[in-house]
Amino acid sequence: MDPINPLTLFFAAIFTNNILLTNFLGLCPFLSMSGQKKSAFGMGAAVVFVMASTTALNNLVHYKILVPLGLEHFRYIVFIVVIAAFVQLVEMTVERFFPSLYFSLGIFLPLITVNCAIFGASLFMVIRKYDFVQSLAYGAGSGIGWMLAIISISAIREKLQKTAKLPRGLEGPAITLIITGLLALAFLAFSGMIRVQ
Amino acid sequence: MPNPATKKEIFFTGLWKDNPVLRQVLGICSTLAVTNLMVNTLVMDAGLIFTVCMSSLTVSLLRKVTPVRIRMMVQTLIIASYVIIVDIMIKAYLPDISEALGPYVALIITNCIIMGRCEAFARHNPPAASFIDGLGMSLGYSLVLIAIAFIREPLGFGTLLGLRIMPGGFVHWTVMIMAPGAFFTLGIMVWILKYFRPQTGEEKG
């Protein structure tokens with residue numbers, strides 16, 4: 001297989017292979033945080049940053065440490081630890097040096113450790129055998145794709161709360177899931193444009 | 001959660017009353033990803049039931065010696081160890097399904113249900129009750145997965161467990177095996193359930 005151009009991978013991860021809408025990853029925070037545009041934006045920005053960094057970092061850890069030592073089976077534990085440690089580190093740095101940023105974004109950081117999209121991106125990176133640059137592009141693209149999805153949904157939900165009268169039982173998670181389905185359907189329109197696995 | 005509940009009540013709470021997927025809308029990432037084929041769903045369920053029960057049991061056994069500050073890390077490591085066991089087992093005995101499930105077996109680690117049960121229940125309760133709680137929750141989760149697969153596979157492929165069940169002229173609803181179909185199916189299931197049994201208390205999401 002020819003190596004995929006990192007730029008292609010970046011756009012594919014945003015549009016055709018959107019990690020939320022085609023791989024269903026990161027749905028838990030997606031459902032709980034998409035009520036308001038502001039929190040959706042904060043969460044999205046935090047995810048973009050953490051996902052790009054940890055995917056690249058885990059790529060180094062996997063190929064430079066785990067593979068030479070023959071410890072591939074332990075990669076799940078190692079990845080989780082790397083992600084948790086990284087998030088903790090970022091949280092402390094931001095709190096120390098950028099207090100204003102901390103108050104707008106920092107509260108979302110601890111939630112990210114349990115965001116399955118972050119861990120999922122690292123796993124896909126191993127399964128698809130990306131190199132370092134590809135991993136970085138893939139991580140950044142997936143993060144941006146996730147952010148795009150959560151912001152679109154939160155905008156729709158804000159409008160919906162003001163204008164629509166929903167039938168009993170449909171409000172809350174049910175309508176969000178159905179809107180997400182429609183959004184996924186819309187994103188399918190991109191699917192012919194770039195083909196990456 | 002105080003203790004007076006009997007084991008039977010704990011079990012049914014997880015299975016139906018507080019069903020993790022339909023009531024709490026947790027852990028739905030893998031719910032949607034693996035439900036396009038019934039076989040995948042069943043394997044995934046087995047893995048999940050094993051992981052939830054065993055990690056609830058372990059967390060509960062260690063609950064007196066785990067320092068509170070690092071409990072999340074300890075729980076994650078316990079869960080990850082069991083998931084690695086599951087992953088290796090599936091790879092060894094069911095290589096085709098392992099291929100199809102891809103990273104989703106590993107993603108059991110970040111499934112919010114397991115962490116949620118460890119954090120909300122196993123941490124304060126004796127091992128036997130935690131095990132039952134894990135069993136109820138994971139069976140409840142599995143039932144929903146099976147129900148969704150039961151809708152998606154016949155409509156999308158015209159088959160169930162690989163056997164053709166739809167009549168010959170049936171046009172496959174390709175959308176059902178792709179992402180949007182999964183969102184619609186789960187959304188409608190949550191809606192129907194909430195319509196008939198409105199949730200009391202605070203609204204999630």
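**Notes on the two-chain model**

1. Start in the middle of things. The largest nonpolar core of this predicted model holds 118 residues. Inside that core, the residues with the most contacts are A:Val47, A:Ala117, B:Cys29 and B:Ile109. The biggest giver to this core is helix H7 of chain B (residues 127-157), with 11 residues. As background, nonpolar side chains tend to be buried together in soluble globular proteins.

2. Have a look at B:Ile109 next. Which residues does B:Ile109 touch, not counting those up to four places away in sequence? From chain A come A:Tyr76, A:Ile80 and A:Phe119, and from chain B come B:Ile79, B:Ala80 and B:Val83.

3. Now for how the chains meet. On the chain B side, 37 residues are in contact with 36 residues of chain A. Four helices of chain B each supply at least two residues of that side: H2 (28-33), H4 (71-93), H6 (112-122) and H9 (179-196). H9(B) gives the most, with 11 residues. What kinds of residues make up the side of chain B that touches chain A? They divide into 29 nonpolar, 5 polar and 3 charged.

4. A:Leu66 is worth a click. You'll find A:Leu66 in helix H3 of chain A (residues 37-69). Is A:Leu66 buried or partly exposed? A:Leu66 counts as partly exposed because it has 18 C-beta neighbours inside 10 Å, and being buried takes 20 or more. Leaving aside neighbours within four places in sequence, A:Leu66 is in contact with A:Val61, A:Leu71, A:Glu72, A:Phe74, A:Arg75 and A:Val78. A:Glu91 sits 25 residues along the chain from A:Leu66, and their C-alpha atoms are separated by 27 Å.

5. Then try A:Asp131, which is in the loop between helix H7 (116-127) and helix H8 (132-163) of chain A. A:Asp131 has 13 other C-beta atoms within 10 Å, so this residue is partly exposed. A:Pro6 is 125 residues away along the chain, yet the C-alpha atoms of A:Asp131 and A:Pro6 are separated by 9.5 Å.

6. Finally, a word on confidence. Chain B averages a pLDDT of 79, and 89% of its residues score at least 70. Among the elements of chain B, H2(B) has the lowest mean pLDDT (72), while helix H3 (residues 38-61) has the highest (88). Over residues 200-205 of chain B the pLDDT is below 50. Beyond near neighbours in sequence, that stretch still has 12 contacts in the model. For the complex, the predictor gives an ipTM of 0.78 and a pTM of 0.82.

Key: Residues numbered from 1 in each chain as written. Chains lettered and ligands numbered in written order. Predicted model: local features only at pLDDT ≥ 70, side-chain atom pairs only at ≥ 80, totals over all residues. Contact = placed C-beta atoms within 7 Å. Nonpolar A, V, L, I, M, F, W, Y, C, P; charged D, E, K, R; others polar. Buried ≥ 20, exposed ≤ 12 C-beta atoms within 10 Å, placed from the backbone. Core = buried A, V, L, I, M, F, W, Y, C linked by C-beta atoms within 7 Å. pLDDT = per-residue confidence, 0-100.
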